[in-house]
Amino acid sequence: MRNLIKSGLWGVVPLIVATSCTSRLPDYDATGTFEATEVTVSSEVAGKLLRMDAEEGVRLKVGEEIALVDTVQLYLKKLQLEANIKSVENQRPDLAKQIAVTKQQLTTAKRERDRAENLWKMDAGNRKQLDDWEAQIALLDRQLVAQESSLTNSSNSLTEQGNSLSAQIAQIEDQLKRCRVLSPVEGVVLAKYAEAGELATVGRPLFKVGEVDQMYLRAYITSEQLADIKIGDKVTVYADYGNSESKAYPGVVTWISDQSEFTPKTILTKDERANLVYAVKVSVRNDGMLKIGMYGGIRKSKDE
């Protein structure tokens, strides 16, 4: 030992001892790290960010408005479309008024035809007058049908134009809603990617929110352990705080991978010789102490 002190190697001894201690496997059936469901919220429209209230660590509610993209141009376009709809409606023909004259002429012609027919029956008139009024009535009938058809087609065309404009307004209203960026889940802001005043583009990430109330321990088991664990099993989850401090939580196995993978370098297994492992996810209710990336382990009761 004196030689070590003299040679300046005294500081190496604790390192060697510590390394030898951590090389022992913990008394867990599997180990891993805690994670949460993370949602990256992106902009669905392009424009200037007028407001951006997301701050890292802030808790959000479902549907809470976090950011606002400039809506001026969209709103002006909506006003223009609404004005176009009014213009289209003003062009719509009044069918009753448009054919009123022709109907009146037809009524007059039928009355004169009846008069000419009565005169002809009393030998007070000639057949030609009756035939002329019959021809006039037939002509007015055709004109009335043509007018009604033309006016109906014009009205239908205007209706289609109005429907098209209404659909465009609905699209604008949908885009206006998308300008208001809402939190899709209840959770905590994990990262913020934009600030107010910056230009938002479609698909640009604005912030990331994590559902930290329900955490998951992603642990790894060997092929020999697959027979002893199944989805729905209740296990005990231990959060490793370091310095031999841990806290136990009840957990439920919610997922077991169908494919094996090479053991991650940061993960210890019960069998050091295992090269291939299977990932499992254990659901844990967070009491506020669990953090994303924290190490932990699971232990399955022997009687299960």
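What follows is a walk through the helix packing, the ring contacts and a few individual residues of this structure.

Before we start, note that this is a predicted model, where local features need pLDDT of at least 70, side-chain atom pairs count only at pLDDT 80 or more, and totals for chains, interfaces and linings use all residues. Residues are numbered from 1 along each chain as its sequence is written, and side-chain values use heavy atoms, with hydrogens and water left out.

Let's begin with the helices. Helices here are DSSP runs of H or I with at least four residues, strands are runs of E with at least two, and both are numbered from the N terminus. Take α4 (residues 95–121) and α5 (residues 127–178): their axes come within 9 Å and cross at roughly 165°. An axis is a line fitted to C-alpha atoms, for helices over the stretch in contact, and angles run from 0 to 180 degrees between N-to-C directions. So α4 and α5 are roughly antiparallel to each other; that label goes to angles over 145 degrees, while under 35 is roughly parallel, 65 to 115 roughly perpendicular and the rest oblique. The crossing of α4 and α5 is left-handed, meaning that the near helix is turned anticlockwise from the far one by less than a right angle (clockwise would be right-handed). What sits in the contact of α4 with α5? Its residues divide into twelve nonpolar, seven polar and nine charged. For that tally, Ala, Val, Leu, Ile, Met, Phe, Trp, Tyr, Cys and Pro are nonpolar, Asp, Glu, Lys and Arg are charged, and the others, Gly among them, are polar.

Helix α5 also packs with α3 (residues 72–91), at an angle of about 165° and with the axes 9 Å apart. That makes α3 roughly antiparallel to α5, and the crossing of α3 and α5 is left-handed.

The cut-offs are under 20% relative accessible area for buried, over 50% for exposed and partly exposed in between, using a 1.4 Å probe and protein chains only. Ala109 and Ala135 are 26 residues apart along the chain, and their C-alpha atoms are separated by 9.6 Å. Over in α5 you'll find Leu176, buried at 18%; its C-alpha is 9.8 Å from that of Leu68, 108 residues away along the chain. Thr71, in the loop between β4 (65–69) and α3, is partly exposed at 23%. Thr71 and Lys48 are 23 residues apart in sequence and 8.9 Å apart C-alpha to C-alpha.

Now for the rings. How many aromatic pairs does a search of the whole structure find? One. Tyr28 and Tyr238 are stacked, 5.6 Å centre to centre with 20° between the planes. Rings of Phe, Tyr and Trp (its six-membered ring) pair if their centres lie within 6.5 Å, with planes under 30 degrees apart counted as stacked, over 60 as edge-to-face and the rest as tilted. The pair links distant parts of the chain, 210 residues apart: Tyr28 is in the loop between α2 (12–22) and β1 (30–42), and Tyr238 is in strand β9 (residues 234–242). Tyr28 is buried at 15% relative accessibility, and Tyr238 is buried at 17%.

The loop between α2 and β1 also holds Asp29, buried at 17%. Asp29 and Tyr220 are 191 residues apart in sequence but 9.0 Å apart in space, C-alpha to C-alpha.

One more ring contact: the charged end of Lys281 sits over the ring of Tyr216, 4.8 Å from its centre. To count, NZ of Lys or CZ of Arg must be within 6 Å of the ring centre and within 35 degrees of the ring normal.
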